[in-house]
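Hello,

I am passing the structure on to you here, and my notes on it follow below.

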Amino acid sequence: MGVLRGYIYKEFMKLFFIFEALFLLIYLLVDFIEKIDNFAEAQVPTAEMIAFFYFKIPLIIMQMVPVAVMLSVIVMLCQMKKNNEITAIKSCGTSIFELSRPIIQLSICMAIISFLFSELVVSQCNARSNEIWDTQVEKREKNRLFVRKHIWYKGSNAIYWIRHFDASKQVMKDISLCFFDDSFRLIKKIDAKRGRWLGKEWEIREGIIQRGVKGGRFDVMHFDKIRLHLPERPEAFNKIAKRPEEMSYWQLRRYAEAIQAEGYDAAEYLVDMHVKLAFPAISFVMALVGIPMVLRLTKGGTPLAVTFGIGLCFLYLVLLGLSRSLGLSGLLPPMLSAWLANGVFSLSGIYAMMGAEY
């Protein structure tokens with residue numbers, strides 16, 4: 001069994017790297033053709049254009065791992081069937097489950113490596129490629145990335161609405177600050193045109209203060225300039241809305257928890273957080289589905305098996321996209337929406353494996 005395991009490892013890895021290199025080349029070529037007009041129109045330097053595609057390579061590699069695993073399993077087993085190697089293995093008393101074990105072990109290793117690769121490399125490279133696209137192609141100034149609009153911030157006993165916040169200048173404009181007591185009764189509200197951070201406190205200009213008095217009424221006072229001590233520093237409002245693909249699983253988890261704590265809807269981030277765990281597991285799912293598919297196929301050979309494999313990968317992506325959309329809309333819990341496709345295909349693979357010829 002050790003010789004058979006080594007043979008399967010060798011053949012699988014050889015095919016896996018061939019398919020990965022092929023998919024990487026095709027993906028980069030298509031992406032280059034699609035974006036070359038944008039780079040030319042924006043007059044992006046050649047070095048920046050090369051850097052953009054260079055930083056996209058880790059993402060492409062990770063996305064293509066499940067497809068490469070599926071096709072490697074299919075081609076390897078089809079070649080073993082063609083050469084009557086599977087018949088010889090079965091005649092020696094080796095079951096289909098024993099034959100499948102090394103493939104399943106490899107697919108699990110691929111899933112773990114994909115997750116670690118995504119955590120350590122892919123998210124950082126995505127952030128860099130997106131930055132090149134934003135600044136070089138879309139011509140967004142870096143300072144604009146630090147300007148946010150319509151910020152709702154929930155403090156311990158206050159809620160702030162800031163229509164415009166410039167983090168680089170530490171200035172907020174058109175602000176409403178509402179302060180509450182322990183019973184969440186409004187006791188003070190400040191509306192002002194401008195606020196500026198002075199290092200230890202905020203300077204608020206041109207506004208009014210409404211203070212609660214007995215009888216449920218409010219006293220109104222106009223002011224030109226006041227100093228205000230708030231527990232929040234400018235950094236509290238300087239949270240740039242990162243794209244989920246620019247964050248690792250743990251960063252995305254902390255980001256989603258912070259958004260929920262401030263009262264925002266974090267469905268998008270929660271769903272994508274679970275997808276970051278579910279997506280690497282596709283390698284295992286594709287191997288689990290691909291093995292019985294090849295063993296049960298009696299006609300058509302490798303071309304037909306590869307066609308079925310690509311079709312299954314496409315069907316998986318459709319189901320994943322549908323379940324993710326249901327999760328974003330709130331119709332499915334985030335965890336269920338991320339793992340639904342894996343669950344359906346895993347059960348299908350196990351059922352097909354149980355019905356495969358021993």
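How close do the axes of helix 8 and helix 9 come, and at what angle do they cross? The model is a predicted one, and in it these two axes come within 7 Å and cross at roughly 150°. Helix 9 covers residues 334–354, and helix 8 passes it in a right-handed crossing. On the helix 8 side, the residues that meet helix 9 include L312, L315, Y316, L319 and R324; their partners in helix 9 include A338, L340, A341, V344 and F345. Sorted by class, this contact has ten nonpolar, four polar and one charged residues.

Helix 8 (residues 301–328) also packs against helix 2 (residues 46–82), with axes that come within 10 Å and cross at roughly 160°. An angle over 145° counts as roughly antiparallel, so that is how helix 2 and helix 8 run relative to each other. This crossing is right-handed too.

Ten of the twelve are buried, so helix 6 is largely enclosed by the rest of the structure. Among those buried residues are D272, H274 and K276, along with Y269, L270 and V271.

Happy browsing, and best wishes

Technical notes. Residues numbered from 1 in each chain as written. Predicted model: local features only at pLDDT ≥ 70, side-chain atom pairs only at ≥ 80, totals over all residues. Heavy atoms only, no water. Axes fitted to C-alpha atoms, helices over the stretch in contact; angles between N-to-C directions. Helix = DSSP H or I, 4+ residues; strand = E, 2+ residues; numbered from the N terminus. Parallel < 35°, antiparallel > 145°, perpendicular 65-115°, else oblique. Left-handed = near helix turned anticlockwise from the far one by under 90°. Buried < 20%, exposed > 50% of the residue type's maximum accessible area, 1.4 Å probe, protein only. Contact = heavy atoms within 4.5 Å. Nonpolar A, V, L, I, M, F, W, Y, C, P; charged D, E, K, R; others polar.
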